[in-house]
Every structure is written in structure tokens, then in C-alpha cells.
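Subject: Structure handover and what was found in it

Dear colleague,

I am passing on the structure below for your own work. Please look through it first, and then read the notes that follow.

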Amino acid sequence: MSDRVLAAEPLSASPADPAASPHTDAGDAGYRKDLKSRHINMIAIGGAIGTGLFLGAGGRMASAGPSLFIAYAVCGVFAFLVVRALGELVLYRPSSGAFVSYAREFMGEKGAYTAGWLYFLNWSTTAVADITAAATYAHFWSMFSDVPQWILALIALAVVLAANLISVKYFGEMEFWFAIVKVAALVAFMLVGIFLVVTSHDVGGSTPGLANITDHGGIFPNGTMPMLLLIQGVVFAYASVELCGVAAGETENPEKIMPKAINSIMWRVGLFYVGSVVLLALILPYTAYTGDQSPFVTVFDRLGVPGAAGVMNLVVLTAALSSLNSGLYSTGRILRSMSLAGSAPKFTGVMNRGGVPYGGILLTAGFGVAGVFLNYLMPGEAFELVLNFASIGIIGTWAMIMVCSLLFVRRAGRGALVRPAYRLPWAPYTQIVTLLFLASVLVLMWMDGGIGRTTVNCLPLIAAALVGGWFLVRRRVRETAGDRD
């Protein structure tokens, strides 16, 4: 691999163009525009379908009952607004640094530093959750039942890391087929589920239909509070929706591809998340689901179809590996943007001959190794622990995106720039309402007690770490800015 760091290239936009950004990002140079329309579209789908649905829905259903679909719908709406705001910024100026680059333009280097490290917190902990999920899924098969969870987690990390270091083209192809598998599986489940409900076919001694809801406490069998408290975990299910914004920097004609990919997220959320949860509630009573098994595996296992549960388990294993792959990809790009601005370690800014910023990818993978150790120490609690810290990173990342969008709209209102035709509707009120929602999620995490409260109580430590880190890097940031100027 080559350790060369590529210098920034001048932008081709004319200064006379009021819509052109005067901002340049050294981290955008050197990438190959190898991602096609089909890659971006399927990356957007894959970002909306992950382990949060395939693994987490079972335990959440057991806790909140059928009302879980409301939590998925509410969080899905705000996830769409976040990615729509990011889409407007992407069409204004595509960048592989994504929201970190926009934070640098509208909030300065402190904003870019904060956005970038919060995103790294998100994906470094999500990587731990993903390899934990992969190891959990593998235990479904008897051949792996005696293999320690930490060994399976290490194997999953090694395989995905090796594939991610080749080139963006291979990443795009992997995500394309990963998304195809996930969508095909969900479509197949929904077709089977609709058939079971319409025909009232017996499923493990239970008759599908509304009775599975009405005879077991209704939509809110345990009250509304369990559903509200689950929102902080449901947010994790949408953690990858911003990925298509990062990938836009490595695709041709993002102005044509991105609007279509982003707009499709809304109906996919309604169809796959809300639709799947409703079907799960209709097929079996909510008490039939557990946090130890994917709810989709539970249905096929109860149905008694030979091999069906194994196939579905393979699908959810694919979802976990897909999410891990996406996390390594996106943090590599974000960290490179930060490194070339001086706010991340220098080695995270290097690229290989394939145009892959492998330094940042290896740093994220290093935290995955820490996750392997966590699986060794506490295999039963690892997923829930890192899930909460990932939620903090997600909330921080989404908040920074909406703040950037708000500042962008205000600057456009002063005539300093021109917003693209593809816009976040009802701005600036949309950004404000979304920020209030994200703040409420933190309150719900604290109210949930246990690990959630512990995580929120760690916020001052996270803030102190960010402040301390800034004092360590600020001199290099200023020197880098001076050299760039």
C-alpha cells in the first residue's frame, strides 16, 4: 500500500456562480468516482435496513408490544428529515467529508472536529454491536454453537476489514448485493406474512390475525411508557441513513442520483419497518418474541418450514456484516477529511493506490478489536452496552447535520449563497423540531434507567474528552489552515 497523502485539487466552479461554494476540502481529492446509480440507491436502502430491525425488534416487541410500529414510524420520519437536509447540502457541494466538511464551512474547525469525532463514536461502537450481532447469529447453527462468541466476532471483523480495503468499487458491489439480500428477504417475509394473516394459517399453535393484538392487551399492552422508552434504541435502527451522503463524493452526477435515492427512503421505512412490525404483531402474540432471537427467525421456526429459519438467519447475518462494512467505509472518509485539516491523526489521512483511505478504516477496526475483547468479558451484555453509546453518537451526528442545515439556510437567506432546487421542506422549523426531538431522546434514555442512564451520565465525560482533544490538536489545525490559505 502507498502512504502518500494526496493534495487538494482546485474546484472547477466559477466564482461568478452564486450557488458555487467558496469552500475547498483537501479530503475530497484522490477519490475515484466509481459508485454508480444502482450502488447509491441500494446503499440508501441498506442504510434503512439493518441489525436494529433484524436483531433488536424481537426484544423491543416483547417489551412494548405492537406499539413498536409507532416508535419505528416516528423515528423514521425524523431520520428522513435528517437525510433530506444532508441531501440538500450534498447537492450544494458534494463531499466525501460530508457533514464534517459542511460543519467546517458553516461552523468552523471546532464544529468539524466535534461532528467528526461524534460520528466516529457512533461507528466505532456500532462496529462492536455489528460483530456482536454477527457472532450471535452464527450461534444459531449447531456447527458454531460451541465456538466462543469472541472468536466468531473476530472472524467477522477480519473478513469485512479485508474486503473493505480493496477499493470503493468493491465496497459498492458488496453493499449492492447485501442490500439485495436484505430487501429480498423482507419482501419474502412480508408476502408469507400476508398469506398467513389472510388465510389464518396456524403458526406454532397460534392463529394469525387481529386477535393476537386485541386478546393480548391491545396496541399498548404495557402502557405507552415502554414504547416511548424504546425510541432511544429504535434510533439506532436508522443509524446508516446518512451513508448515502458520504458516498455521494465518490459518484458521478450526484445531483441526479441523490434526490431519487433519498426520496425513496420514506416509503421504504413505511413498508419495511412499520409493515414488518405490524405483520409480526399479527402473526404471533408479542409475548412469543424475545431479545435472544431475531423475530423473523422466530416466525419461520414456529411455522415449521424446513430450513426457512436457517435461511433467514443467514440474511440477518448478512445485515450485520453489511452494517460493519458501511461503518468502516464511512469513518475512513470522514477521518481523512479531518486528518487533512489537522483534527485527526495523520495516518488516518493516507490512501492506497486504490483510492481507499485505509488509515481511518484501520483505526475503526481497532475499536472493533476492543469489541472482540468486550465479547470475551461480557458476551450477554455487550450488544446492549454499545448500543446505547452508539445512540449517543447517532444523536450527536444528526444534531450536527441539522445545525449545519440551519446555518446553511440562514446564510442563503442573507443572499450569501443559493439553495439548490432540492430542499428540506419547511426550513428552518424542520431543523428546530428535529433538534428538539433528538434532545427528547436523551431525556428518554435517562428515564429508562440502567445502562441508558449510565450512558447519558457519561455525556460530561464525552464533552470533556472532546474539549481536551481539541486543545491537543488546535495548534496543528491552525497550522494546517495557514498552509492551506
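A salt bridge here is a side-chain nitrogen of Lys or Arg within 4 Å of a carboxyl oxygen of Asp or Glu. Please keep in mind that this is a predicted model, and that by this rule the count comes to 6 salt bridges.

One of them joins the side chains of Arg38 and Glu173, with 2.4 Å from N to O. This pair links distant parts of the chain, since Arg38 belongs to helix α1 (residues 37-48) and Glu173 to helix α8 (residues 168-199), 135 residues apart.

Another salt bridge is formed by the side chains of Glu88 and Arg419, at 2.5 Å from N to O. Glu88 lies in helix α4 (residues 68-92) and Arg419 in the loop between α16 (382-413) and α17, so the pair ties together parts that are 331 residues apart in sequence. Both Glu88 and Arg419 are buried.

Arg93 and Glu105 make a further salt bridge, in which the closest N and O atoms are 3.0 Å apart. Because Arg93 lies in the loop between α4 and α5 (98-107) while Glu105 lies in helix α5, the pair ties together parts that are 12 residues apart in sequence. Arg93 and Glu105 are also buried.

As for the chain overall, the protein has 19 helices and 0 strands, and 60% of its 485 residues count as buried. Among contacts with a separation of 6 or more, 80% are accounted for by residues 24 or more positions apart. The chain exposes about 18,500 Å², of which carbon and sulfur atoms supply 66%.

Helices α10 (225-237) and α17 (429-447) each supply at least two of its residues, and the largest share, 3 residues, comes from α17. Trp446, which is placed in helix α17, is partly exposed, with a relative accessible area of 40%.

Finally, helix α3 (residues 56-64) has Gly56, Ala57, Gly58, Arg60, Met61 and Ala64 buried, and just after α3, Gly65 takes a positive phi of about 75°.

With best regards

Key: Residues numbered from 1 in each chain as written. Predicted model: local features only at pLDDT ≥ 70, side-chain atom pairs only at ≥ 80, totals over all residues. Heavy atoms only, no water. Helix = DSSP H or I, 4+ residues; strand = E, 2+ residues; numbered from the N terminus. Buried < 20%, exposed > 50% of the residue type's maximum accessible area, 1.4 Å probe, protein only. Contact = heavy atoms within 4.5 Å. Areas by Shrake-Rupley, 256 points an atom, 1.4 Å probe, with all protein chains shown as cover.
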